[in-house]
Amino acid sequence: MEDKLILGGKEFNSRFILGSGKYNINLIKAAVEQGGAEIITLALRRANTQESENILDYIPKGVTLLPNTSGARNAEEAVRIARLSRAMGCGDFVKIEIMRDAKYLFPDNQETIKATEILAKEGFVVLPYMNPDLNVARDLQSAGASAVMPLAAPIGSNKGLATKEMIQILIDEIDLPVIVDAGIGKPSQACEAMEMGAAAIMANTAIATAGNVPEMAEAFKLAIQAGRKAYLTGMGRVLARGGSASDPLTGFLR
Amino acid sequence: MNEENQVYYIDSDVLPPEALAKKHKLEQDPSCRSNHMEYMEGMEVIQSDIKDKVLKAMDEFDYSLYTASDVQRALSKDTCSIEDFKALLSPAAAPFIEQMARKAEEITKNHFGNTVYIFTPIYIANYCQNYCIYCGFNCYNNIRRKKMNFEEIEHEMQIISRTGMEEILILTGESRTYSDVEYIGEAVKIAKKYFRNIGVEIYPVNVEEYKYLHECGVDYVTVFQETYNPAKYETLHLLGHKRIWPYRFDSQERALMGGMRGVAFSALLGLDDFRKDALATALHVYYINRKYPHAEVSLSCPRLRPIVNNDKINPNDVGEKELCQILCAYRIFLPFAGITVSSRESVEFRNGITKICATKVSAGVSTGIGDHEEKYEGKQDADAGDEQFEINDNRSFDAMYHDMENGGLQPVLNDYIYV
């Protein structure tokens, strides 16, 4: 059975979205290859350079670019950055990141809904980074988002699935792919999110700060595949604590 | 007689007798100096309680009380409280410098990866109306003064941009008369043609003026408080608008109110008690972040350097170990803040500190006026203006880029869009 991730009508075999910031750009190719990633995110503000070493030149052909709007503080700025991204030839995919919090870099859900609505109407494939909230996820869906990208923990914290219960609710209730983004620090956490039914994992810091970037990208690939397989297979019941009594309580019933 | 500050006083033999007499009076007779806590005419007053909070904390800070176990507790925690930060600044933390550096390195990596930003300053004028006794640009210092015209500014910027640099910091001496806001605004408009990211480090201005500069293309404002101790400040800034401590303190808030994206802070370490100044600087950042959570914030950590006509000026008790301790403490307390280390520091120090906690370095630096062509391309310019202070690390842009890369860091020239 084929198991594709479909975003904006485009099919992907890999469920691993790789970040490109925070590590040497000459490692991008190896990380993409070893991690088997087919989508790579890119801060447009980083690509906005005359530098001879433009990060865009390091992204292998055939990989889908997912430019993000980091630096935007409101919907209007995000829309402007997205349009600039399209004009620069970075394609129609856009990850909306709107932050008015320099400390935790938390996404602004309200502004994100506004920007999603505008950009979806303009034909962008909109993937909004969000704080996991069911009502907001529904609004994003109505606004035309192609997926939702809830955070597991604050960006760069490597703290894992701190918002696990909220993400599980989004997975259960929302028809869009739920891509877990931010805070995933280890392959085991990525695996756990996939077991829960997440559609994909986005990771950057965990890989960027590893001893060997391409090797860690591969470790994530394997963990994501394992979690996906477990989810599709249908996992057995896991008891919260203790064992199950072998003598049934209702054994007296005739 | 002000013994403590004696090292700074230099008399030029070209000063007219009246000027010399006034200079001496300012230096020796505090009663002839104006009230440094009273705003001058035209200085905007904003409502803010940050000053009081910072002054109170600085006043109460007795770093001799902290012990090794306070430091260990601070290092074992995930989030660093103000009390923990005080312990990390204290002498008790000195033996833990390696552990502090390890923790700072991890936090820096999580927030910034292995990136390091490179920028360069351009001084467009060195006229100054202040008498700040430690500064090379001070109005009584006999130096070659210069204000570049717009053609000269454009020419210098072209030369700088040819190196590949994309972020520029425009500086002036503090003179509204010689370098008014419109002059600076025009310089910014020229810079916009050549650079992606523009900051200014100029005399403090009012909200409307910051707004105007932002519209011209500036997004970052740097104002150094020099020392957060008003009593010491008064003995160092004897004349001019810079003398007004509270107006300077509120600059970052006015800049943010004017729409700027980011603000930078610093004390000039070595002027006063460096531990108290470091605490005040970081708390200034901390409270600004709480009040303006969207603002990007960064810290610098300059130490005193020799100036033209006075090679005796030095950073006093702030050695490289102390500086490193402060910077690690800054990083642990403020994981999200940028940290800039200037060319006042040595090559070795800058190479080392960028691996621990610094996120931005300058390169190809001149603190003189209109001498980039001379410094970058070897063409002499007899007309250049003198420097504000002596730099230590004079690496070119290329050399810095490669040194950072060879150190395992990723040099970034721009990570910014003006929207």
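## Asp415 of chain B

Asp415(B) is buried, because 20 other C-beta atoms lie within 10 Å. A residue is buried with 20 or more other C-beta atoms within 10 Å of its own, exposed with 12 or fewer, and partly exposed in between; the C-beta atoms are placed from the backbone. Asp415(B) sits in the segment after strand E11 (410-412) of chain B. Helices (H or I, at least four residues) and strands (E, at least two) are DSSP runs, numbered from the N terminus.

Which residues does Asp415(B) contact, leaving aside its neighbours within four places in sequence? They are Ala43(A), Arg45(A), Arg46(A) and Tyr117(B). Two residues are in contact if their C-beta atoms, placed from the backbone, lie within 7 Å. Asn197(B) is 218 residues from Asp415(B) in sequence, but 8.5 Å away in space, C-alpha to C-alpha.

## Model and numbering

This is a predicted model: local features need pLDDT of at least 70, side-chain atom pairs count only at pLDDT 80 or more, and totals for chains, interfaces and linings use all residues. Residues are numbered from 1 along each chain as its sequence is written, while chains are lettered from A and ligands numbered from 1 in the order in which they are written.

## Where the chains meet

In the contact between the chains, 29 residues of chain A meet 23 residues of chain B. Three helices of chain A each supply at least two residues of the side that touches chain B: H2 (44-47), H3 (75-87) and H8 (205-208). That side of chain A has seven nonpolar, twelve polar and ten charged residues. Ala, Val, Leu, Ile, Met, Phe, Trp, Tyr, Cys and Pro count as nonpolar; Asp, Glu, Lys and Arg count as charged; the others, Gly among them, count as polar.

## Chain A

Chain A holds nine helices and ten strands. Its C-alpha trace spans about 80 × 40 × 40 Å along its principal axes. For 254 residues, a compact globule would have a radius of gyration near 18 Å; chain A has 19 Å, which agrees. That radius is taken over C-alpha atoms, and the globule rule is 2.2 Å times the number of residues to the power 0.38. Of the 254 residues of chain A, 48% count as buried. Among contacts in chain A between residues at least 6 apart in sequence, 62% join residues at least 24 apart.

Ala182(A) is not a glycine, yet its phi is positive, at about 80°. Ala182(A) lies in the loop between strand E9 (179-181) and helix H7 (187-196) of chain A. Is Ala182(A) buried or exposed? Ala182(A) is buried, with 25 other C-beta atoms within 10 Å.

## Chain B

Chain B holds 16 helices and eleven strands. Along its principal axes, the C-alpha trace of chain B spans about 60 × 50 × 40 Å. A compact globule of 419 residues would have a radius of gyration near 22 Å; the 21 Å of chain B agrees. Of the 419 residues of chain B, 55% count as buried. Contacts in chain B between residues at least 6 apart in sequence include 75% that join residues at least 24 apart.

Glu226(B) is a residue other than glycine with a positive phi, near 70°. Glu226(B) belongs to strand E5 (residues 220-226) of chain B. Glu226(B) counts as buried, with 24 C-beta neighbours inside 10 Å.

## Two helix pairs in chain B

Helix H4 (residues 82-89) and helix H13 (residues 320-333) of chain B pack at about 165°, their axes 9 Å apart. Axes are lines fitted to C-alpha atoms, for helices over the stretch in contact, and angles run from 0 to 180 degrees between N-to-C directions. H4(B) and H13(B) are therefore roughly antiparallel. Angles under 35 degrees count as roughly parallel, over 145 as roughly antiparallel, 65 to 115 as roughly perpendicular and the rest as oblique. Phe85(B), Leu88(B) and Leu89(B) of H4(B) make the contact with Ile326(B), Ala329(B), Ile332(B) and Phe333(B) of H13(B). By class, this contact has seven nonpolar, no polar and no charged residues.

Helix H6 (residues 150-162) and helix H7 (residues 181-194) of chain B pack at about 30°, with axes 10 Å apart. H6(B) and H7(B) are therefore roughly parallel. The H6(B) side of the contact includes Phe150(B), Ile153(B) and Met157(B), and the H7(B) side includes Ala187(B), Ile190(B) and Tyr194(B). The residues of this contact divide into seven nonpolar, two polar and two charged.
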